[in-house]
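The sequence and the structure come first, and the notes follow below.

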Amino acid sequence: MSAPQKITYREALREALRAALAADPRVFLMGEDVGRYGGCYAVSKGLLAEFGEARIRDTPLSESAFTGAGIGAALGGLRPIVEIMTVNFSLLALDQILNNAATLRHMSGGQVSVPLVIRMATGAGRQLAAQHSHSLEGWYAHIPGIKVVAPATVTDARHMLAAALADPDPVIVFEHVMLYNAEGELEPVDAVPLTGAAVRRPGNDLTLITYGGSLPKVLTAAEQLAADGIEAEVVDLRCLRPLDDATIMASAGKTRRAVIVDEGWRSGSFAAEISARIVEQAFYDLDAPPARVCSAEVPIPYAKHLEDAALPQVTDIVAAARGVLGRG
């Protein structure tokens, strides 16, 4: 087994796409500017020259149309990867995702499946303002019939795509915009499971639960807490649907305190779902109510200082952790 190599999250995704395209002639990528422009975050840069227009397809600005085309291609036996520039624009394709991709297996009595992968950027922090900066993955995790994953490390980014393409049902992959330039060690593994959470840092005093772009902030907060003698266990959900209840409850039951960090809005948030499950399943193991750190309930602002104020920050996570420990 070779030693880990350092690459960026963007490079990990590109390598995953390249490997998938090379391994299976049924795989193709389509979306706005994925070809000549190389993708709006340069993930697919160079793939057009390598694989040609039949495999790397630029599409018109019509999320509903090209997502629907992807569903049709999947029904026809291909393995399409649809890229949507941002989760905000994916709402234009929500009818295709919810009413077609997620339902056709169930409505056909299992006669057809939709092996479709949809990649999209999510999250804030790049001063792209409200129409390009929201975190709506919790909305998609609400929908039965699809899987929703949010890789937070370069290793997960590199390997989750292969697992998604091997799945017979639709999988949505959320890529946080603040992770594309992040560099990390690519672990020398051959595969990563599509489901199941990962404990990124062991601890006994409280559990910090998060996913995607919030993971680096949570790990930084855990380090700051450790400097004060507080050992936080960090759980990276990785897959939002299906949710790994076993890992969440095992950790919350062990530490007896939990803080959920979610870049979505607090009201109706994915953090609220996790909090409710902890209360339902581990109430008698807890020493304090679960706490949530979420975004301010406003459209994400453009101005840097306002954007920072609207998003969960390390100081907010540390304060919430100290609060559930009664040290606030």
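## Strand S5 and its partners

In this predicted model, strand S4 (residues 79-84) and strand S5 run parallel and are joined by four bridges, with isoleucine 84 standing opposite methionine 120 of S5. S5 also pairs with strand S7 (residues 171-176), again in the parallel sense, and here six bridges are found. Within that pairing, isoleucine 118 has isoleucine 172 of S7 as its bridge partner, while arginine 119 stands opposite valine 173 of S7.

How many of the six residues of strand S5 are buried? Six of the six residues of S5 (residues 117-122) are buried, so the strand is largely enclosed by the rest of the structure. In a regular strand the side chains alternate between the two faces of the sheet. In S5, Val117, Arg119 and Ala121 point one way, whereas Ile118, Met120 and Thr122 point the other way, and all are buried.

## The seven-stranded sheet

S5 belongs to an open sheet of seven strands, whose order is S3-S2-S4-S5-S7-S6-S12 and whose pairing is mixed. Strand S3 (56-58) and strand S12 (239-241) are the edge strands, each of them pairing on one side only. From one strand to the next, the twist averages 20°.

Helix H1 (residues 9-23) lies across this sheet's strand S2 (27-31) and also across S3, S4, S5 and S7, and the helix runs at about 130° to S2.

## Helices H1 and H8

Two packed helices are described by the angle between their axes and the distance between the axes. For H1 and H8 the angle is about 25° and the axes are 7 Å apart, and this angle makes H1 roughly parallel to H8. The crossing of the two helices is right-handed. On the H1 side, the contact is made by Tyr9, Ala12, Leu13, Glu15, Ala16, Leu17, Ala19 and Ala20, and on the H8 side by Val154, Ala157, Arg158, Leu161 and Leu165. Sorted by class, the contact of H1 with H8 has eleven nonpolar residues, no polar residues and two charged residues.

Leucine 165, one of the H8 residues in that contact, has its place in helix H8 (residues 154-166). Is leucine 165 buried or exposed? With a relative accessible area of 12%, leucine 165 falls under the 20% limit and is therefore buried. Leaving aside neighbours within four places in sequence, leucine 165 is in contact with Ala20, Val27, Arg79, Ile81 and Val117. The C-alpha atoms of leucine 165 and valine 27 are separated by 8.5 Å, although these two residues are 138 residues apart along the chain.

## Threonine 8

Threonine 8 is found in strand S1 (residues 5-8), and with a relative accessible area of 15% threonine 8 is buried. Apart from neighbours within four places in sequence, the residues in contact with threonine 8 are Val154, Tyr180, Asn181, Ala182 and Glu183. Val154 also takes part in the contact between H1 and H8.

## The five-stranded sheet

A further open sheet has five strands in the order S9-S11-S10-S13-S14, and its pairing is mixed. Strand S9 (198-201) and strand S14 (291-295) stand at the edges with a single partner strand each, so one side of each is left without a neighbour in the sheet. Neighbouring strands of this sheet are turned by 25° against each other on average, direction ignored. Strand S10 (residues 206-210) pairs with strand S11 (residues 232-236) in the parallel sense over five bridges, and in this pairing leucine 208 stands opposite valine 234 of S11.

Two helices pack on the sheet. H9 touches S9, S10, S11 and strand S13 (258-265), and its direction makes about 170° with that of S11. H13 touches S10, S13 and S14, and its direction makes about 145° with that of S13.

## Helices H9 and H13

The axes of helix H9 (residues 215-227) and helix H13 (residues 314-324) come within 9 Å and cross at roughly 55°, which makes H9 oblique to H13. H9 passes H13 in a right-handed crossing. H9 contributes Lys217, Val218, Thr220, Ala221, Gln224 and Leu225 to the contact, and H13 contributes Val314, Ile317, Val318, Ala321 and Arg322. By class, this contact has seven nonpolar, two polar and two charged residues.

Note on methods: Residues are numbered from 1 along each chain as its sequence is written. This is a predicted model: local features need pLDDT of at least 70, side-chain atom pairs count only at pLDDT 80 or more; totals for chains, interfaces and linings use all residues. Side-chain values use heavy atoms; hydrogens and water are left out. Axes are lines fitted to C-alpha atoms, for helices over the stretch in contact, and angles run from 0 to 180 degrees between N-to-C directions. Angles under 35 degrees count as roughly parallel, over 145 as roughly antiparallel, 65 to 115 as roughly perpendicular and the rest as oblique. A crossing is left-handed if the near helix is turned anticlockwise from the far one by less than a right angle, and right-handed if clockwise. Contact means heavy atoms within 4.5 Å. Ala, Val, Leu, Ile, Met, Phe, Trp, Tyr, Cys and Pro count as nonpolar, Asp, Glu, Lys and Arg as charged, and the others, Gly among them, as polar. Buried means under 20% relative accessible area, exposed over 50%, partly exposed in between (1.4 Å probe, protein chains only). Two strands pair if DSSP finds at least two bridges between them.
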